[in-house]
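Here's a quick tour of one model and how its pieces sit together. Have the viewer open while you read.

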Amino acid sequence: MQTTSIKNVHTDYAGWQSALGFYKDELTIFKNRLTEVAAKNTGKEIMPLVEHFQNQFLVQHENIDILHHDINEHLTGLANEIA
């Protein structure tokens, strides 16, 4: 049976959390850029596309939050098993 130290697991989790934070920041940048594009292009054909991307950003933001929660929950479970 292969074992892994808790320090390695914690380092992996911290890396995942950091990556998720990066992607959350990227979503904010994309939302702001979409707002700029929508302000410059007010045609009727553009608005459904803008709404589509806004919805996608919301879905991805929620997915990131779920992953954050799951990682924290799993790490807490590991800590409880060790204690």
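Predicted model: local features only at pLDDT ≥ 70, side-chain atom pairs only at ≥ 80, totals over all residues.

Start with the two helices: α1 covers residues 6-40 and α2 covers residues 47-82. Their axes lie 10 Å apart, and the angle between them is about 165°. Anything over 145 degrees counts as roughly antiparallel, so that's the label for how α1 and α2 run relative to each other.

As for handedness, α1 and α2 cross in a left-handed sense. Sorted by class, the contact between α1 and α2 comes out at 19 nonpolar residues, nine polar ones and three charged ones.

## The nonpolar core

Which residues make up the largest nonpolar core? There are 10 in all: V9, Y13, L20, L27, L34, A38, V50, F57, I64 and I71. Both α1 and α2 are elements that give two or more residues to this core, and α1 gives the most, with six.

L34 is worth a click. This leucine sits in helix α1 and is one of the residues in the largest nonpolar core. Its relative accessibility is 13%, so L34 counts as buried; the cut-off for that is under 20%.

Leaving out residues up to four places away in sequence, what does L34 touch? The list is V50, F53, Q54 and F57, and two of those names, V50 and F57, turn up in the core as well. For a sense of distance, L34 and E51 are 17 residues apart along the chain, with 9.7 Å between their C-alpha atoms.

Is Q17 buried or exposed? Q17 belongs to helix α1 and has a relative accessible area of 16%, so this glutamine is buried. Not counting residues up to four places away in sequence, Q17 touches H68, I71 and N72. Of these, I71 is also listed in the largest nonpolar core.

N63 is on helix α2. With 34% relative accessibility, N63 counts as partly exposed, because that class lies between the 20% and 50% limits. N63 and K24 are 39 residues apart in sequence, yet their C-alpha atoms are 10.0 Å apart in space.

Methods
Residues numbered from 1 in each chain as written. Heavy atoms only, no water. Axes fitted to C-alpha atoms, helices over the stretch in contact; angles between N-to-C directions. Helix = DSSP H or I, 4+ residues; strand = E, 2+ residues; numbered from the N terminus. Parallel < 35°, antiparallel > 145°, perpendicular 65-115°, else oblique. Left-handed = near helix turned anticlockwise from the far one by under 90°. Nonpolar A, V, L, I, M, F, W, Y, C, P; charged D, E, K, R; others polar. Core = buried A, V, L, I, M, F, W, Y, C linked by side-chain atoms within 4.5 Å. Buried < 20%, exposed > 50% of the residue type's maximum accessible area, 1.4 Å probe, protein only. Contact = heavy atoms within 4.5 Å.
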